[in-house]
Amino acid sequence: MTNAAPGRAATSFRVLLKGYRVRADLTQEELAEGSGVSVRAISDMERGIAKSPQRRTIEALAAPLSLTDDELTGLQKAARRGRAPSPGIPKTHLIGVLPADVDDLTGRESDLDALRALSSDLSDGRRRAGRIAILSGPPGTGKTTLAVRVAHNLTEEFPDGRLFLKLRGMSAEPANPADVLHLILRSLGVDAVRIPADPEDRAGLCRSLLRDRAVLIVLDDAADETQVRPLLVGGPRCLTLVTGRQMLVGLECASRLPLDVFGEHDAVSLLSAIIGADRVARERQAALELVELCGRLPLALRIAGNRLASRPTWPLSRLVDQLRGRRLTTLTAGDLCVRSVFELSYRQLSPNAAMMFRRLSLVPAADFPVGAAMTLVEASDEDDAAVFLEELADASLLQTSQENGRYQFHDLLRVFATERLAREESPEVVASAEKRLSDWLVRTATAAGRYFHPTDGVSPLPAATPSFGDHTGAGRWLEVELKNWLAAVKSAAARGDHRPVLDLAESMHWYSEIGGTASVWYDVFGLAVNSAIALGSKRDEAVHRNYLSWVQASLHDRAEESIRMARLAWDAAVEAGDRREQGWARVYLTSAHARDADATTSPKLFDEAASLFEEAGYPLGVHVARTMRASYWYRNGRFADAAEEFDACVRYFAQEHGGTRTPVDDTNYAYVLLRSAQNLAALDAPDRALTQCETALALFRRHGAAMGQARALQETGRFLRRRGDHANAHRRLSEAEELYERIGLTQAQIDTLGERAALADERGDPASARADRERARGLGDRLGGVP
């Protein structure tokens, strides 16, 4: 072999490659290092084992081999010659069965890339079997469409053909694997009389014929593993794409590509591709609502787009109005129908799984835990319920949620489940299932809330059943189940089940300072007040009017409403003869007075509250009242008196009072530290003040108390600003502002923006100061008054 370039007339790929490598004076190892192609692959190519590497592989070799454009073209042509089909296997048999591609496929670019990457692993022939990819997902997500696009795109990678085989997995009579193997052999050019009768012999012949071929096989609409397993006959250079609603978790050595609904951008892009981008742009808001009403499901979007494309004079809003009323009926266009596609999967379910599917439509939120499903079908335990949930997930009628142990419905599947529930179950059965679910959610939320009661040394912690192990598990449950248990307590109130409403609201009092939002607690305690009135319980009315007074003052910045509610709580507590609730009414009244610039706080109210708590034998309340009295002295310049009182309260809340310390013990302690820190700053003890703020912030963060974190961050930011630490002050104030926005404390957010604007002025940043003040002004306008 000379160093001249090898001839090209009919020279094989392996000869050309080795000649170019020798000319470049490279070993196989050096060529591998320069190209990124493995040494094994280069060796197989030069020995003729891998006769037709992919175009990308050849291009990777070109640079280290210093190939000219003509030489690279010649090498690629030689590789294509190596892909010519063997005699006796007509290529046309394999290509002719592939369905037409769609022109407007959008939103599946990453999935296409993943499948192309799978095909790129087949070129070196080292595998004993071909690659297998399973495309699964809910009905209507476009699994078949994606598989067809891949088959059309990978023509060069699979020169021996592409097979598209319908398995009819969702039909009443799925395709028999033996019959499908017969079709494969006929497509491979085998005469019918030579096809073995035994299915295993047919599969063996298929493997023999495909051993050295590069063929892409699409097995569309698979029923289950039993149907698919005999059809996995591709050789080392074959790629088999299996589409189906079942996830086929029993198949080994397969790559899985679960398809979901589109994101908003991709959904709008598909609609634009069908009806035109200009039409979508003219009615942008209607288009966004339309794609949401379609659940961003590709099939539903295509149906909606086809209806609009056939009615060019219709505004998008007209179809939106129709979808609001009868979604599944509207989502029909010719032979495309979302409901019928869903029905195919539904008919495959076992009776118990079908019942669970229907009844899960009663869950208020989009996702739910196993316990909710167990309650709906009256399963004996969660393991039994989980079996049916997994059947639904395997059928792609449910999806596993990002939150461990939870499941979720696609929006349109929920609508379909609601239809089936109304058709197949009596109103009495539905009402009973709905009540069981509501009762379970309310009962479980009540138990979770009790994990957050303080250990005051007087009141025993109520038994918490079911058990969450600790407050972390209870808090997590309350957070992820918020929409469900809130809807359930509203349902219970509407049914007149007032005692469970009162029990839940009372269990949530202390948790409300850690989790939830202002609107949640306004709803919960408002419902409880109405339930107390309905039952004629003055004690319960006093309890929940007190809680509602706290919400209005601390979370909604409605001082006047809070004052009115605290006075009503006082009246109810006096009528009930309950000293403890009278004490709380005085506490909330003074708290509301402190927030109302026009209201005057009488110092006697603090003494009265402490005295009432003393009479009730309630030391926690006594020290809450003393803390508020210290804050009053601080606001009126009696810093030394306030410091003495704060020190006593800090010592009380830092102590153990019997039982396991709860998150509320720590957050109560943290709030006292914050109030004390303000007074210490006034006494010119900034270091102690900052230390107390940092301790409070750490406690709030430990327990996820968003409101407390925000207040601690705001106060710490103020102290840091006074010390001239502008960078850290800005960071803390920004964190506080974001938290206030998330939990809905608008006035506190406005105050923080004002503090940050003043800080920006001091830092010589007038643009940032102006932006913060403009934002604060906008929020103030929404509240009804410019700050």
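Which helix gives the largest share of the lining of the second largest pocket? That's H8, with four residues. Keep in mind that this is a predicted model.

**The pocket**

Let's stay with the second largest pocket for a moment. There's about 1,100 Å³ of space in it, and 35 residues line it. Nearest its centre you'll find Thr 144, Thr 145, Leu 299, Leu 336 and Val 341. Besides helix H8 (143-153), the elements that each give two or more residues to the lining are strands S2 (162-166), S4 (239-244) and S7 (336-337), plus helices H15 (298-309) and H18 (338-346). Sort the lining by class and you get 15 nonpolar, nine polar and eleven charged residues.

Now for some helix packing.

| Pair | Residues | Axes come within | Crossing angle |
|---|---|---|---|
| H27 and H28 | 518-535 and 538-555 | 8 Å | roughly 155° |
| H33 and H34 | 639-654 and 663-682 | 9 Å | roughly 160° |
| H36 and H38 | 706-722 and 746-762 | 11 Å | roughly 20° |

Take H27 and H28, whose axes cross at roughly 155°. Angles over 145 degrees count as roughly antiparallel, so H27 is roughly antiparallel to H28. The two helices cross in a left-handed way. On the H27 side, the contact uses Ala 518, Trp 521, Tyr 522, Phe 525, Gly 526, Ala 528, Val 529, Ala 532 and Ile 533. H28 answers with Asp 540, Glu 541, His 544, Arg 545, Tyr 547, Leu 548, Val 551, Gln 552 and Leu 555.

H33 makes a left-handed crossing as it passes H34. From H33, the residues in contact are Phe 639, Ala 642, Ala 643, Phe 646, Cys 649, Val 650, Phe 653 and Ala 654. They meet Asp 665, Asn 668, Tyr 669, Val 672, Leu 673, Arg 675, Ser 676, Asn 679 and Ala 682 in H34.

What about H36 and H38: are they roughly parallel or antiparallel to each other? Their axes cross at roughly 20°, and angles under 35 degrees count as roughly parallel, so H36 and H38 are roughly parallel. H36 also passes H38 in a left-handed crossing. H36 brings Gln 714, Arg 718 and Arg 721 to the contact, while H38 brings Ala 748, Asp 751, Thr 752, Glu 755, Ala 758, Leu 759 and Glu 762. By class, the H36 and H38 contact has three nonpolar, two polar and five charged residues.

Notes:
Residues numbered from 1 in each chain as written. Predicted model: local features only at pLDDT ≥ 70, side-chain atom pairs only at ≥ 80, totals over all residues. Heavy atoms only, no water. Axes fitted to C-alpha atoms, helices over the stretch in contact; angles between N-to-C directions. Left-handed = near helix turned anticlockwise from the far one by under 90°. Contact = heavy atoms within 4.5 Å. 1 Å grid on protein atoms, 1.4 Å probe; cavity = no way out; pocket = protein on both sides within 12 Å on 5 of 7 lines; lining within 4 Å. Points joined across faces, edges and corners; volume = space filled by probe spheres on them. Nonpolar A, V, L, I, M, F, W, Y, C, P; charged D, E, K, R; others polar. Parallel < 35°, antiparallel > 145°, perpendicular 65-115°, else oblique.
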